[in-house]
Amino acid sequence: MKLLLASLALTLLLLAGCSGSGKQDDNVLTVAATAVPHAEILKQAKPLLAKEGVDLQVKVFADYVQPNTQVAEKNVDLNYFQTKPYLDAFNRERGTQLTIITGVHIEPFGAYSHKYKSIDQLPDGASVTLPNDPSNNSRALLLLAKHGLITLKDPTDEMATLKDVTANPKHLKFRELEAAMLPRTLDEVDLALINTNYALAAGLNPTKDALLIESKDSPYVNYLVGRPDNRNDPRVQKLAKVLNSPQIKAFIEQKYHGAVLPAF
């Protein structure tokens with residue numbers, strides 16, 4: 001009997017412990033993000049969200065694939081790093097159903113060089129590196145086309161590829177690489193098309209260093225992204241509200257000086 005009572009007591013203790021742990025987990029919200037500026041912005045959101053009773057935990061990734069994979073597999077709740085064209089392409093290619101929660105900021109995409117101070121100096125046959133993921137690859141091509149370096153079959157096609165280049169008057173030689181690697185190519189190539197988050201992480205100032213840069217009305221908003229099963233979760237909605245708050249808007253404007261722009 002004593003052994004039975006001890007066993008029951010231990011079971012009740014374990015159940016109580018599990019119950020307490022579950023209650024604590026209900027207050028935690030995990031977000032996968034790239035380091036700059038996404039994780040920096042989330043760091044500013046953390047104390048604001050804590051006032052709403054939510055413990056924000058940020059998991060930093062260096063690539064553009066794992067943040068979506070982690071959310072789809074329910075290892076993390078949300079991610080914050082991507083534009084709608086990238087998300088649409090990922091969902092289409094991977095068969096996922098990740099969904100937009102809210103838009104937060106815009107990162108004007110730029111072209112950079114360590115060899116030249118002006119795009120006019122770019123020589124015939126120049127080597128150019130581009131992101132290899134579909135949406136950012138297209139974004140780079142659209143930027144080059146807008147400034148007359150190439151001509152595209154459809155200059156408004158958000159999914160244009162190198163196959164859609166109809167004229168290349170400078171005979172540019174393109175190489176497609178993973179977006180995170182592009183800053184490392186600057187000493188090797190004539191021009192690199194780099195996402196702002198990776199440019200900032202590499203110590204580049206988009207508003208000063210970019211030879212070409214998207215206009216401030218860029219449609220490529222960076223979104224907080226989740227799943228259909230958690231998009232209406234109160235914790236998620238609280239984070240969405242915080243990321244669209246006056247405090248976060250002021251932080252973005254003061255921290256990045258135009259290299260990153262509020263989208264709200």
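Where pLDDT is low, the predicted coordinates should not be read in detail.

**Largest pocket**

- The volume of the largest pocket comes to about 250 Å³, and its lining is made up of Arg139, Leu142, Leu143, Ala145, Lys146, Pro155, Glu158, Glu214, Ser215, Ser218, Pro219 and Tyr220.
- By class, six of the lining residues of the largest pocket are nonpolar, two are polar and four are charged.

**Second largest pocket**

- The second largest pocket has a volume of about 200 Å³ and is lined by 15 residues, with Tyr64, Val65, Tyr86, Asn132 and Asp133 lying nearest its centre.
- Helix α4, which spans residues 84-94, supplies the largest share of the lining of this second pocket, namely five residues.
- The lining of the second largest pocket comprises nine nonpolar residues, one polar residue and five charged residues.

**Cavity**

- One cavity of 30 Å³ or more is present in the structure, and the largest cavity holds about 100 Å³ of space.
- Lining the largest cavity are Tyr64, Phe81, Gln82, Thr83, Tyr86, Glu107, Asn136, Arg139, Asn195, Thr196, Asn197 and Asn222, and the elements that contribute two or more residues to this lining are β3 (78-82), α5 (134-146) and α6 (196-201).
- The cavity lining divides into three nonpolar, seven polar and two charged residues.

**Crossing of α2 and α8**

- Helix α2 (residues 35-50) and helix α8 (residues 234-243) have axes that come within 10 Å and cross at roughly 115°, and the crossing of α2 past α8 is right-handed.
- On the α2 side the contact is made by Ile41, Leu42, Ala45, Leu48 and Leu49, and on the α8 side by Lys238, Leu239, Val242 and Leu243.
- Sorted by class, the residues in the contact of α2 with α8 are eight nonpolar, no polar and one charged.

Terms used: Residues numbered from 1 in each chain as written. Predicted model: local features only at pLDDT ≥ 70, side-chain atom pairs only at ≥ 80, totals over all residues. Heavy atoms only, no water. 1 Å grid on protein atoms, 1.4 Å probe; cavity = no way out; pocket = protein on both sides within 12 Å on 5 of 7 lines; lining within 4 Å. Points joined across faces, edges and corners; volume = space filled by probe spheres on them. Nonpolar A, V, L, I, M, F, W, Y, C, P; charged D, E, K, R; others polar. Helix = DSSP H or I, 4+ residues; strand = E, 2+ residues; numbered from the N terminus. Axes fitted to C-alpha atoms, helices over the stretch in contact; angles between N-to-C directions. Left-handed = near helix turned anticlockwise from the far one by under 90°. Contact = heavy atoms within 4.5 Å.
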